[in-house]
There are 2 protein chains.
Amino acid sequence: MSEQDCTRTKILEAARDRFMHYGYSKTTMSEVARDCEMSAGNIYRFFASKLDIAEAMAQKFNAEQDIDYERIAFQAKPAIERFFEFFFFSLEKTYTAIEEEAKILEIAEILRIERPEFFNEHLAQERVFLVKILEDGFVEGVFRKFDDPNVTAEMLQSALMKFRFPQAYSQLKLDQLRYELEGVIRLLLAGLSVGAKEPALAYA
Amino acid sequence: MSEQDCTRTKILEAARDRFMHYGYSKTTMSEVARDCEMSAGNIYRFFASKLDIAEAMAQKFNAEQDIDYERIAFQAKPAIERFFEFFFFSLEKTYTAIEEEAKILEIAEILRIERPEFFNEHLAQERVFLVKILEDGFVEGVFRKFDDPNVTAEMLQSALMKFRFPQAYSQLKLDQLRYELEGVIRLLLAGLSVGAKEPALAYA
DNA sequence: TTGCTGAAGAATTTATAAATCATTCAAGAG
DNA sequence: CTCTTGAATGATTTATAAATTCTTCAGCAA
């Protein structure tokens with residue numbers, strides 16, 4: 001690891017501790033700098049802005065989550081089981097993370113507004129794993145053939161949006177969210193099943 | 001119409017004009033009262049609070065929308081067509097309403113926070129029509145049998161949540177929303193189709 | 001009695017000045 | 001030259017006081 005990377009990591013860790021403890025907006029660049037024993041101005045040689053520190057943090061969080069997604073998607077299990085596991089994992093992980101550290105919600109909200117592209121990239125990465133599950137399901141003979149599995153994955157994400165940032169989109173408790181997620185997934189899986197028939201004509 | 005109802009309506013109309021023009025929070029009870037040629041205190045003999053005026057307004061808006069929903073649900077058309085029409089109507093109506101009158105979003109947001117029950121009631125009403133479409137589809141032979149059509153309707157609503165308050169839940173433009181709505185509906189309709197198979201076991 | 005007003009109070013919002021903050025950069029240190 | 005600092009700056013936030021606003025209700029009018 002280069003000297004540069006090392007300092008970046010040090011800043012990132014100091015910022016994470018502050019952000020998680022006091023929140024993004026209540027943390028100042030001077031405080032982070034002091035924790036790293038440097039001046040505030042110097043941070044800007046490693047990060048273009050405070051927001052970029054937050055984005056890098058979230059990036060790391062997502063990268064870790066993607067490892068779990070990958071593990072789930074490539075398991076030696078029926079595609080349907082992996083499908084359930086994938087989205088339930090996502091719900092439980094996000095819900096508990098936000099419950100334990102309400103500050104995460106602040107950062108997520110700020111990134112949603114200021115860096116809309118950020119989430120799209122993560123969704124795109126997630127679709128890689130979804131496509132894997134869809135294609136395996138087809139090979140298993142439980143899913144039908146899709147014109148474009150990536151588009152199908154997009155639609156699945158769209159239908160399950162509500163469960164991605166549970167506390168932001170609804171006031172529902174975890175139990176109710178689990179109940180609804182189960183129901184929606186069952187409906188979607190039915191829609192993916194070999195016998196399912198999409199309507200012949202397009203509407204729009 | 002009784003004298004009471006007449007005054008209520010007058011207040012409601014004056015409030016609607018103000019709310020739509022200046023927004024909910026920028027409208028004062030005195031202004032509404034002045035428009036009705038009465039004192040602010042007197043409004044409280046007809047509405048318990050300012051928020052209740054907003055709720056009554058939204059109630060009326062929903063009631064009008066429900067008439068359209070009913071018309072769509074009871075049309076002499078294949079269930080699948082009605083299904084599409086139902087949700088596309090909802091998207092187009094809400095999207096354009098909010099675009100034309102951004103102030104609606106303010107009221108919707110306030111009600112979402114302060115009167116969470118309000119939206120649940122509207123959703124419950126909407127499900128009556130969805131169940132009608134589902135049951136007709138079963139009779140037509142295009143939908144499979146559901147244990148509890150009302151629960152299925154709940155899951156459909158949950159999966160299509162994103163398209164209900166488009167501007168609140170996403171930054172997407174109408175074109176993109178239409179594209180996604182079409183895709184999600186097609187997936188859901190496939191899941192409702194006679195050949196579709198739900199997974200045998202429950203997950204949670 | 002019944003319907004209404006306008007004053008009064010508590011809560012919220014606004015206005016504004018002071019303070020703090022994110023960010024830049026000239027200049028010093030190594 | 002590379003790395004760092006700390007002062008400068010414009011934007012944002014905070015603090016606080018003043019003004020509004022929602023809501024209640026005693027009392028007036030019909």
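H8(A) and H10(B) are roughly perpendicular to each other, a label used for angles of 65 to 115 degrees (under 35 is roughly parallel, over 145 roughly antiparallel, and the rest oblique). Their axes come within 9 Å and cross at roughly 90°. Those axes are lines fitted to C-alpha atoms, for helices over the stretch in contact, and the angles run from 0 to 180 degrees between N-to-C directions. Helices here are DSSP runs (H or I, at least four residues; strands are E, at least two), numbered from the N terminus.

Who does the touching? From H8(A) come Val151(A), Met155(A), Ser158(A) and Ala159(A), and from H10(B) come Glu180(B), Gly183(B), Val184(B) and Leu187(B). Two residues are in contact if their C-beta atoms, placed from the backbone, lie within 7 Å.

Before going further, a word on the model. It is a predicted one, where local features need pLDDT of at least 70, side-chain atom pairs count only at pLDDT 80 or more, and totals for chains, interfaces and linings use all residues. Residues are numbered from 1 along each chain as its sequence is written, while chains are lettered from A and ligands numbered from 1 in the order in which they are written.

The table sorts residues by class: Ala, Val, Leu, Ile, Met, Phe, Trp, Tyr, Cys and Pro count as nonpolar, Asp, Glu, Lys and Arg as charged, and the others, Gly among them, as polar.

| H8(A) with H10(B) | five residues | two residues | one residue |

How are the two chains related? A rotation of 180° with 0.0 Å of shift along its axis superposes chain B on chain A (RMSD 0.1 Å). The two copies are thus related as by a two-fold rotation axis.

Zooming out, the contact between the chains takes 33 residues from chain B and 32 residues from chain A. On the chain B side, H5 (79-100), H8 (149-159) and H10 (174-192) each give two or more residues, and H10(B) supplies the largest share, eleven residues. Since 97% of the interface residues of chain B are also interface residues in chain A, the copies meet through the same surface.

Then there's the DNA. A residue is near a strand if its C-beta atom, placed from the backbone, lies within 6 Å of it. DNA strand C is surrounded by 14 residues, the closest being Thr28(A), Gly41(A), Ser49(A), Gly41(B) and Asn42(B). DNA strand D also has 14 residues around it, with Ser39(A), Gly41(A), Thr28(B), Gly41(B) and Ser49(B) the closest.

As for chain A itself, expect ten helices and zero strands.

Notes:
Copies are superposed by least squares on the C-alpha atoms of residues with pLDDT of at least 70 in both.
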